[in-house]
Amino acid sequence: GWVVFEDEAGQTLRPPRVTSWSLRGRSPVVRVRGSGSGRVSIAGLACYRPGQVPRWFYRLREHRGRRGEPKAFLWTEYRDLIVAAHRRLGRPIVLVWDNLNIHRCAEMLAFIAANALWLTVIRLPSYSPELNPVEGVWSLLKRGEIANRVLVDVDHLTGLVRHGLRRVGRRPDLPEGCLAGTGLTLTPPHDQPADLAH
């Protein structure tokens with residue numbers, strides 16, 4: 001089967017700041033509004049299997065600040081993402097994710113129990129983002145496409161986020177590097193030969 005890590009992230013219209021190439025002591029300043037309630041939420045799945053190229057799946061949700069608009073992913077959206085990944089991967093999934101409330105809701109637990117033939121869930125310990133390679137993908141995104149940008153509106157932000165996520169999907173070395181950054185491996189360590197006394 002596939003080991004699948006899941007995580008969520010969000011980005012507002014205020015872009016993340018990163019290092020610039022300006023002269024020392026002369027940092028460029030670009031004023032942005034930073035106002036408005038526009039936001040893009042992302043749910044991503046980084047999929048790994050020994051001997052296979054890593055796969056990347058994601059879903060986006062735009063928030064435009066309208067009354068009654070959901071501000072987070074619904075459990076059905078997580079379910080649909082997991083089912084779509086399972087169909088594309090064609091093998092059982094070991095899903096590794098955190099203890100977010102929606103991951104532990106009654107409907108999600110019932111879905112997991114009903115699909116136990118192909119879905120196994122492992123929960124990460126609390127406060128352990130360093131064990132989830134998807135966190136590395138969010139870092140790539142925030143240091144890449146949306147860093148130091150003046151974002152016009154939610155559509156502009158969505159386009160940049162989508163471009164960055166597609167880049168991750170086209171370059172298998174990026175998810176591989178994110179997994180390596182966690183220190184986790186997909187293969188058990190080989191038995192080390194015992195030192196022999198001379």
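Reader: In β4, which residue is the bridge partner of F5?

Author: In this predicted model, strand β1 is joined to β4 by four bridges, and the two strands run parallel. In β4, the bridge partner of F5 is V96.

Reader: How many bridges join β1 to β2?

Author: Strand β1 covers residues 2-12 and strand β2 covers residues 39-48; the two run antiparallel. Among the paired residues, E8 has A43 as its bridge partner in β2. The number of bridges joining β1 to β2 is ten.

Reader: In what order do the five strands form the open sheet?

Author: Strands of a sheet pair through backbone hydrogen bonds, either parallel or antiparallel. Here β1 and β4 run parallel, whereas β2 and β3 run antiparallel, and the pairing in the sheet is mixed. The five strands form an open sheet in the order β3-β2-β1-β4-β5.

Reader: Which strands stand at the edges of this sheet?

Author: An edge strand in this sheet has a single partner strand, so one side of it is left without a neighbour in the sheet. On average, neighbouring strands of the sheet are turned by 20° against each other, direction ignored. The strands at the edges are β3 (55-63) and β5 (119-123).

Reader: Which residue takes a positive phi in the hairpin of β2 and β3?

Author: Strands β2 and β3 are antiparallel and are joined by nine bridges; within this pairing, G44 has Y58 as its bridge partner in β3. The hairpin has six residues between the strands. The residue with a positive phi, near 80°, is G51.

Reader: How many of the eleven residues of β1 are buried?

Author: Helix α3 (residues 133-143) lies across β1, β2 and β3, at about 35° to β1. Helix α1 (residues 75-89) lies across β1, β2, β3, β4 (93-97) and β5, at about 155° to β3. Strand β1 is mostly covered, and its count of buried residues is nine.

Reader: Is L60 buried or partly exposed?

Author: L60 is found in strand β3. Leaving aside neighbours within four places in sequence, L60 is in contact with V40, S41, I42, F73, T158, V161, R162 and L165. The C-alpha atoms of L60 and E77, 17 residues apart in sequence, are 10.0 Å apart in space. Since buried means under 20% relative accessible area, the value of 21% makes L60 partly exposed.

Reader: Are α1 and α2 roughly parallel or oblique to each other?

Author: Two packed helices are described by the angle between their axes and the distance between the axes. The axes of α1 and helix α2 (residues 106-114) come within 9 Å and cross at roughly 25°. Angles under 35 degrees count as roughly parallel. Therefore α1 and α2 are roughly parallel to each other.

Reader: How many nonpolar residues does the contact of α1 with α2 have?

Author: The crossing of α1 and α2 is right-handed. The contact is made by W75, Y78, R79, I82 and V83 of α1, together with E107, M108 and F111 of α2. By class, there are no polar and two charged residues in the contact, and the nonpolar residues number six.

Reader: What distance separates the C-alpha atoms of S139 and C178?

Author: S139 has its place in helix α3 and is partly exposed, with a relative accessible area of 30%. S139 and C178 are 39 residues apart along the chain. Their C-alpha atoms are separated by 9.5 Å.

Definitions and conventions: Residues numbered from 1 in each chain as written. Predicted model: local features only at pLDDT ≥ 70, side-chain atom pairs only at ≥ 80, totals over all residues. Heavy atoms only, no water. Pairing = 2+ DSSP bridges. Axes fitted to C-alpha atoms, helices over the stretch in contact; angles between N-to-C directions. Contact = heavy atoms within 4.5 Å. Buried < 20%, exposed > 50% of the residue type's maximum accessible area, 1.4 Å probe, protein only. Parallel < 35°, antiparallel > 145°, perpendicular 65-115°, else oblique. Left-handed = near helix turned anticlockwise from the far one by under 90°. Nonpolar A, V, L, I, M, F, W, Y, C, P; charged D, E, K, R; others polar.
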